[in-house]
Amino acid sequence: MRKRLGRARDTLAANPTATAVGIFGLVLLFLVATPASWQTSTLRLAVPIALAAIGGIFAEKSGVINIGIEGLLIVSAFSSIIAVHRLGDGGATMGLSNLWWGLLIGVLVSVVVALVFAVVCIDFKADQIIAGLAIWLISLGLAPFVSRIVFGSPNTAGISRFGNVTIPGLSELPILGYLLFDTEPQVYLMLAGALGGWFLLTRTTFGRWVVASGENPKALDTAGVDVRKVRYAAVLLSGVFAGLGGAGFALGTLGTFAGGGDTAINGRGFIAIATYLLANYHPVGALLGSFLFAGLNSLQTALQSAGYAIPTELIRTLPHMSVIVVLVLVGRTRLPDAAGEHYESGED
Amino acid sequence: MTETESEAETGTGSTAGSGQTGEARTDVETGAGPTTEATTSSYGEAETDLAVHLDGITKRFPGVVANDNVDLRVERGSVHALLGENGAGKTTLMNVLYGLYEPEEGRVVVDGTERMFDSPRDAIDAGVGMIHQHFMLVDSMTVAENIALGDEPTKWFGMAVDRARIDREIRELCDRYGFDVDPSATVADLSVGVQQRVEILKALFRGADVLVLDEPTAVLTPQEVEGLYDVLDELTAQGKTIIFITHKLEEATHAADAITILRDGESAGTVVPDQTNKNDLAERMVGREVLLEIDSEPMTTGDTVLSATDITVEDTRGIEAVSGIDFDVRAGEIVGIAGVDGNGQAELIEAITGLRTPDEGTITYDGADITDWSRRRRIDAGMSYVPEDRHERGLVMPFNLVENSILGNQRASEFATDGRIDWENVRDHTDDLIETYDVRPPDPDADASSFSGGNQQKFIVGREFERDPSLVVATHPTRGVDVGSTEFIHDRLLELRQQGVAILLVSSKLDEVRALSDRLAVIYEGEFIDVTDPDEITEEELGLLMAGQRVETDSTGSSTAESGPGIRPDAGETGDDAETNASSNGGRSR
């Protein structure tokens with residue numbers, strides 16, 4: 001068994017293009033073979049996973065493993081809901097819909113928390129994993145706590161969500177039309193984020209510096225680029241992406257924030273980490289990977305509502321179990337060489 | 001230039017060690033601070049043909065003066081060697097030039113203009129490029145990405161990297177300097193020699209006119225070193241200026257137009273290679289007379305101590321790294337293994353020392369089959385090991401020397417009774433090691449990480465040699481160690497041999513394995529491509545063997561022995577006369 005898995009893994013690793021085509025094929029098959037409602041639900045559920053994963057890619061590629069991404073999703077989702085609630089549900093402020101203000105504030109809060117993480121990890125040289133866990137645990141407690149103060153309950157009040165935005169012309173296309181061009185703003189953000197993230201990482205100077213900073217920071221330093229600044233920028237960028245994911249998910253998909261237990265985010269940040277590892281740090285790959293996990297999530301919901309005699313607890317583990325299976329199959333992704341390591345300029 | 005240099009030589013000859021060992025012409029000026037301004041103009045015209053002038057550089061670190069009033073004058077279009085032992089301050093001085101360190105005193109003059117570099121960026125902008133000893137390359141990126149890193153030309157108003165332009169510029173540079181480097185290759189796939197060229201290209205891409213190379217030959221095979229000399233010639237022919245840091249005398253005399261020697265942070269003079277010799281250089285470096293030749297008297301060997309039969313080892317990736325190697329090491333014998341790093345020597349040594357289980361084959365030690373023995377048992381049986389990677393395996397970096405001194409011996413009865421360590425005793429032992437092996441600074445309570453590489457190495461060697469071993473497995477025992485200490489370690493190895501200890505020596509320094517070994521095996525792609533008598537093979541032949549090319553030799557006993565019953569010594573035939581022939585080209589001298 002182990003041998004066979006290993007061989008499957010080698011085959012996959014040896015043919016990255018084939019693997020990518022395979023995944024893409026599966027996604028296409030999924031699009032064609034499943035009902036439309038399921039597809040749209042998958043896309044909407046993919047938003048926090050995909051955006052958080054893209055954010056995580058930047059942080060980790062730069063050498064800072066941001067395991068606190070789950071926490072960033074929680075704070076941004078929660079603060080966006082509370083912002084909309086405070087500004088007035090359904091209203092507008094200074095000519096901009098309060099939902100968009102909510103999104104901005106959600107992103108801002110996420111960036112602030114990411115900044116704290118960056119300071120602790122980069123300047124104070126804390127262990128990145130522990131700092132990341134701390135970010136998650138703090139967020140996990142903070143959101144329901146504030147919610148209890150404001151709403152008297154760990155769950156927030158509901159708000160009216162983002163509506164569909166239809167792009168004229170393109171929305172007439174078969175399948176892709178209603179999926180990609182007649183959908184909610186957060187889905188557009190996700191698609192733009194994946195493409196923009198890919199461009200930023202592979203085609204710009206900043207992207208190259210991020211990669212160099214994670215692989216060999218000393219090389220970057222001697223080339224005259226400030227590693228500290230690059231890492232700060234990358235971590236803050238992970239805050240932006242995760243913030244867009246969390247706030248977009250809350251404002252577009254959920255319309256409320258449940259603070260009990262694992263909160264409404266429910267481990268999606270951790271699935272995001274698995275997703276980008278699965279995608280080998282490729283932003284578009286992470287988008288496709290998020291479809292896989294979000295699809296399983298929809299499947300789980302569908303199975304539950306269909307009333308199969310399988311314990312719901314078991315069904316609910318489906319996306320998480322699949323993470324393990326997929327990671328075993330794909331094998332260990334090669335982490336950036338300097339990921340998790342502190343860097344100080346001038347050390348000899 | 002020649003004038004200046006010869007003056008300098010005589011000048012320093014008389015004032016050596018006084019701390020003001022600059023050139024004769026500048027003796028007056030550097031002598032006192034206040035006069036410096038007045039003199040700037042006086043030799044202003046002389047400076048115009050100097051690419052780099054470091055004037056009275058002093059750099060202090062807490063507790064140490066790394067550079068003490070050092071002068072360095074480098075003529076444009078020349079190759080200038082900066083020679084000195086480890087810790088003499090060579091790298092510090094170059095880091096001052098490169099803007100990594102800010103000197104407490106002194107001036108940095110590049111191209112006739114005084115500069116204050118705050119960062120490498122400033123140095124790069126002023127046309128100074130540095131090629132570090134450990135390449136500053138991102139292995140997973142392509143050649144082009146590495147060369148342009150930090151200096152990428154952009155298009156679309158800075159939105160995207162202009163990759164076409166980078167490729168074009170690299171090709172132009174390659175054409176101009178005769179390099180054969182593919183910009184789209186991934187750095188990890190390139191040989192070390194080519195990676196070095198990528199580093200040089202990186203500096204040229206940034207418009208460097210002065211190239212500083214830190215120990216450029218440390219990682220190269222002899223053939224690659226020749227290639228590097230050609231590159232240096234080509235660069236200087238096109239008006240570039242080269243400064244290279246080295247502690248190897250041969251290199252300095254062979255490749256440089258002028259040599260500045262540093263000792264203990266002070267300049268020990270600048271000389272022209274034609275007007276000096278190795279003994280003089282060594283003496284300036286070390287501050288005393290150094291015996292460069294190794295006298296290894298022929299030994300009568302005893303019983304077989306270590307015997308390896310048909311050893312096959314897979315590396316961590318499951319690829320066969322060692323394929324069916326046989327050999328014996330006898331008491332009182334040094335068996336050398338030469339080879340380019342990564343040809344299986346690491347795995348072979350790990351199998352012998354018990355850090356890795358061989359997939360096939362048997363290892364016997366003093367007649368007992370130890371193939372399945374644990375590392376612990378092997379240590380207890382008297383096997384000493386100087387590991388290749390001193391940070392990874394030789395020392396626990398956050399431990400002090402006292403704690404490090406009994407690594408592997410922590411259960412030995414003289415240090416521990418009933419599971420409790422007798423720290424007083426261990427401390428005495430540490431003091432002995434520090435004194436015998438000249439570990440500096442002699443502070444047993446300092447963390448291992450605070451010592452320089454050379455001193456760490458001396459400490460490890462001491463610990464392992466003083467264990468009273470019957471077999472010493474020494475991998476790169478003098479890597480990163482300066483001439484004086486190298487001499488000492490070599491002497492100790494020969495003493496151990498004299499006492500009847502069996503020694504297995506792996507080194508990438510050809511002169512070292514050739515001079516010390518009684519028999520020399522060359523490993524290539526996991527097999528012994530040849531087993532030779534080190535006195536009968538030239539460095540060139542050895543280099544070719546290391547590159548996998550079998551040489552046709554008539555010499556007895558050194559023909560193909562790869563699949564033989566193991567290497568057998570040609571007892572006694574250590575023709576010492578071969579030494580004189582070879583040493584004319586730096587063969588056996590060290």
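The legends below describe close-up views of a predicted model. Residues are numbered from 1 along each chain as its sequence is written, and chains are lettered from A in the order in which they are written. In this predicted model, local features need pLDDT of at least 70 and side-chain atom pairs count only at pLDDT 80 or more, while totals for chains, interfaces and linings use all residues.

**View 1. The side of chain A that touches chain B.** Here 16 residues of chain A are in contact with 22 residues of chain B (contact: C-beta atoms, placed from the backbone, within 7 Å). Helix 9 (205–215) and helix 10 (217–222) of chain A are the elements that give two or more residues to this side (helices are DSSP runs of H or I, at least four residues, numbered from the N terminus). Helix 9 of chain A gives the most, with 5 residues.

**View 2. The largest nonpolar core.** This core has 173 residues, and A:Ala50, A:Ala77, B:Val52, B:Leu97, B:Leu211 and B:Val212 touch the most other members. A nonpolar core is a set of buried Ala, Val, Leu, Ile, Met, Phe, Trp, Tyr and Cys residues joined through C-beta atoms within 7 Å; buried means 20 or more other C-beta atoms within 10 Å of the residue's own, with C-beta atoms placed from the backbone. Helix 11 (residues 227–254) of chain A supplies the largest share, 14 residues.

**View 3. Surroundings of A:Ala50.** Leaving out residues up to four places away in sequence, A:Ala50 touches A:Met190, A:Ala194, A:Ala286, A:Leu287 and A:Ser290.

**View 4. A second, separate core.** This core of 72 residues includes B:Leu520, B:Phe528, B:Leu545 and B:Met546.

Terms used: Two residues are in contact if their C-beta atoms, placed from the backbone, lie within 7 Å. A residue is buried if 20 or more other C-beta atoms lie within 10 Å of its own, exposed if 12 or fewer, and partly exposed in between; C-beta atoms are placed from the backbone.
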